[in-house]
Amino acid sequence: MVNVQSSNIGYPRIGEKREWKRALESFWNGKISEAELLTTTDAIRLANLRKQKELGIDLIPVGDFSLYDHVLDTSVMFGVVPKRFTYTGGKVSLETYFAIARGNKDAVASEMTKWFNTNYHYIVPELEGVTPQLVENRPLTFYKEAKEKLGINGKPVILGPVTYIKLARTENFTSLLQQLTPLYIQVLKELAEAGAKWVQLDEPILTSKLSSEEIGQVKQVYTAIHEAVPGLNIILQTYFEKAADYEAVAELPVKGLGLDFVHGDSLEQLRKYGFPKDKILFAGVIDGRNVWRAELDKKVALLNEIQAYVEKDRLIVQPSASLLHVPVSTKSEERLDSIIKGGLAFADEKLVEIVLLSKGVHEGTEVIEAELEESKNALSILNNSKYRQNAKVKGSIEKLTEQDVNRALPFAERIKKQQQRFNLPLLPTTTIGSLPQTPEVRQTRSKWRKGEITDQAYERFVNEQIEKWIKIQEEIGIDVLVHGEFERTDMVEYFGEKFGGFAVSQFGWVQSYGSRCVKPPLILGDVAFSEPITVRESVYAQSLTTKPVKGMLTGPVTILNWSFVRDDIPRFDVLNQIAYALRQEIEELEKNGIGMIQVDEPALREGLPLNPEKRDDYLNAAVYAFKLATASVKNDTQIHTHMCYSEFSGIIDSISALDADVISIETSRSHGEIISAFEKNTYDKEIGLGVYDIHSPRVPSKEEMKQNINRALQTIKPTQFWINPDCGLKTRKEEETIQGLKVMLEAAKEVRESLLAAIQK
């Protein structure tokens, strides 16, 4: 074996210019056949593998590609299909596969939630009442494809059994692990028989604390695998944090152990416990979740220190996590200043760094001296450029006092002033913010960006869309309206284009869920407010109606978590800069007569550190930043916020401490779980639990929505409760949006009338 090899954990699925997304959506819209979809995606997958081979990666992942989600892929591999979908066994059809993810006219989609502390979403397995069985060895199919078509003896990537079951959030952990273990063994045996040398089993759940009993069961599983397939080299791959029980993980009978040396204190664990002599260390030293070029001299120093515990011939260099979380390549970024572009490394550039480091460790740093110097110079040019520093921003934040981050009156007093100002009915209805971004909206924006239409023509078009949808909302009967955000691309990218200290890439897309891709902005300098961003559209919308129109902003934590953040200063310093810029925008909205302002924080729970020891610092920083952004408003100005896919039971105190007047929560795919958190904890502010899932094209019935409303009202007082969809409606079509909102209003009206009738009795 070569002394120091290079490895990759996973590669982006979407194609350099989102070819994957376009193929999927064309198939869903009936524009291409299943055969055409598979032909296109096969070509993307093979191109990804070919590129990694050409870049010099030794251990190339296969089976990391997906048509929707790798957790869902694992479910269908084992025939785990919820009973509400028509399935009679055998290989799961593509129709059923997408129905589980997106729902259909007869059945709701499976729950979707965040993949650990990232903005990627996975489909939660539904294991209750299902007997897993191996119906398709997907890793084997992809392994053979790479070997036969490209001559690549790839490294199959499979979601490990422990993580898979834990992600299902089932109470039958032990019995399901016993059922799945022989199925995993069958998959691995078939791979070994086909010639696979290495197989990567992803077990990121091992960065979370498991009970001693569960750790014992993990050992039993991997012992069974080792005994059944002794000649196959298994890599137990962790990422996103250090292993929570390193000593136990290091003792597992596997050949390779993948550790994250970027996010977490894995190096400290090596110093304290050493590394087992019978294993190979897959060292994740290149950041798989951010886009800044690595300081290669520091990475060389890190690898040198690792070698104090692991001999060179037992060391393999790789990214800290799958490159699924970063864009594909910087080569098409022609609009970025060369100073900025020179400081970036997307997936392809990270692979180059990995190959370079493995070469340097193997042959000595003198053989890569020119590359090290070039990297150092590029980062030095960026760090010393005009983009990095803004003394005015730093000075303003340093002058802040405790009074600046607290509302003038407590909620119990200011809510009375807000009720008097807005005079809303019981169970007020609203939407979360965005309305359908039709092809016409996207095409017109594209023409404007290309200079094919004037600023004035584009502004007229946006005004027409606002006017159209204000009228639709009024006709439906919604109580609190939104302007629709037709001028915005993405809820974070839009602010990145307007605030100082940001840059926006051209093709820096990453997958969020399904075919939904986002383009996180680059925070490369001190964040600064320069001029109003959202005031014009909000004021225009408010001029069209006597009903309140919410001003719509993205919150500081979400902007931070959904951006690629500079790594040369503390992350919480960047957070406060964003909050201070938003504070100035909120003050501009209020000055211009906007009395309800929604500051969305869908990523607050997502960013919660996996290591419990780091959570208090994160939550305290998040609360401070939100209050810094919102606390300067008048008492009768109502602050709203919105959150996604949050498991709230452990952070309700922090959510309350945000001191938002109204919070809406995305809950329809896990309604009971969310509500149970409020049964166990008192929440004294106003709240809206989403009553229907907007990620599915399916419009639920009135009775389903009423059931969701009434379930919530068992715990939450009617005087506290708002009724709204789960999330923004940007991705939905106009007809299904209007239909869904009409059904929501009918359900709200009937429940409201029932409550009022009960009060009168």
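This is a predicted model: local features need pLDDT of at least 70, side-chain atom pairs count only at pLDDT 80 or more; totals for chains, interfaces and linings use all residues.
1. **Helix H27.** Start with helix H27, residues 734-760. Helix H27 has 27 residues. From its first C-alpha to its last, H27 reaches 39 Å. That is close to the 39 Å expected at 1.5 Å a residue.

2. **The buried side of the story.** Which residues of H27 are buried? They are Glu736, Thr737, Gly740, Leu741, Val743, Met744, Leu745, Ala747, Ala748, Val751 and Arg752. Look at the numbering with the helical repeat in mind. An α-helix has 3.6 residues a turn, so residues three or four places apart point the same way. The cover over the buried residues of H27 includes helix H18 (455-476) and helix H26 (702-713).

3. **Cysteines.** How many disulfides does the model have? The count is zero. A disulfide is a covalent bond between the sulfur atoms of two cysteines. Take Cys517 as a case. The closest cysteine sulfur to that of Cys517 belongs to Cys727, and it is 16 Å away. The cut-off for a disulfide is 2.5 Å. Cys517 is buried, at 3% relative accessibility. Cys727 is buried as well, with a relative accessible area of 16%.

4. The model has 46 salt bridges. Side chains of opposite charge can pair when their charged atoms come close. Is Lys21 buried or exposed? Lys21 is buried, at 16% relative accessible area. Glu25 is partly exposed, at 28%.

5. **A bridge between loops: Lys91 and Glu136.** The side chains of Lys91 and Glu136 meet in a salt bridge, at 3.9 Å from N to O. This pair links distant parts of the chain, 45 residues apart. Lys91 is in the loop between helix H3 (70-77) and helix H4 (94-102). Glu136 is in the loop between strand E4 (121-123) and helix H5 (138-150). Lys91 is exposed, at 60% relative accessibility.

6. **Another loop pair: Glu311 and Lys277.** Glu311 forms a salt bridge with Lys277, and the closest N and O atoms are 3.6 Å apart. Where do the two residues lie? Glu311 lies in the loop between helix H11 (296-306) and strand E10 (315-319). Lys277 lies in the loop between helix H10 (266-273) and strand E9 (280-286). The pair therefore ties together parts that are 34 residues apart in sequence. Glu311 is partly exposed, at 36% relative accessibility, whereas Lys277 is exposed, at 61%.

7. Some salt bridges share partners. They join Arg388, Lys394, Asp526, Arg566 and Asp568 into one network.

8. **Thr489.** Finish with Thr489, in the loop between H18 and helix H19 (493-496). Thr489 is buried, with a relative accessible area of 17%. The side chain of Thr489 makes a polar contact with the side chain of Glu493, at 3.3 Å. Which residues does Thr489 touch beyond its neighbours within four places in sequence? Its contacts there are Arg445, Arg449, Tyr494, Glu497 and Lys730.

Notes: Residues are numbered from 1 along each chain as its sequence is written. Side-chain values use heavy atoms; hydrogens and water are left out. Helices (H or I, at least four residues) and strands (E, at least two) are DSSP runs, numbered from the N terminus. The expected span of a helix is 1.5 Å times one less than its number of residues. Buried means under 20% relative accessible area, exposed over 50%, partly exposed in between (1.4 Å probe, protein chains only). Contact means heavy atoms within 4.5 Å. A salt bridge is a side-chain nitrogen of Lys or Arg within 4 Å of a carboxyl oxygen of Asp or Glu. A polar contact is a pair of N or O atoms within 3.5 Å; within protein, one must be able to donate a hydrogen and the other to accept it, and residues adjacent in sequence count only if both atoms are side-chain atoms.
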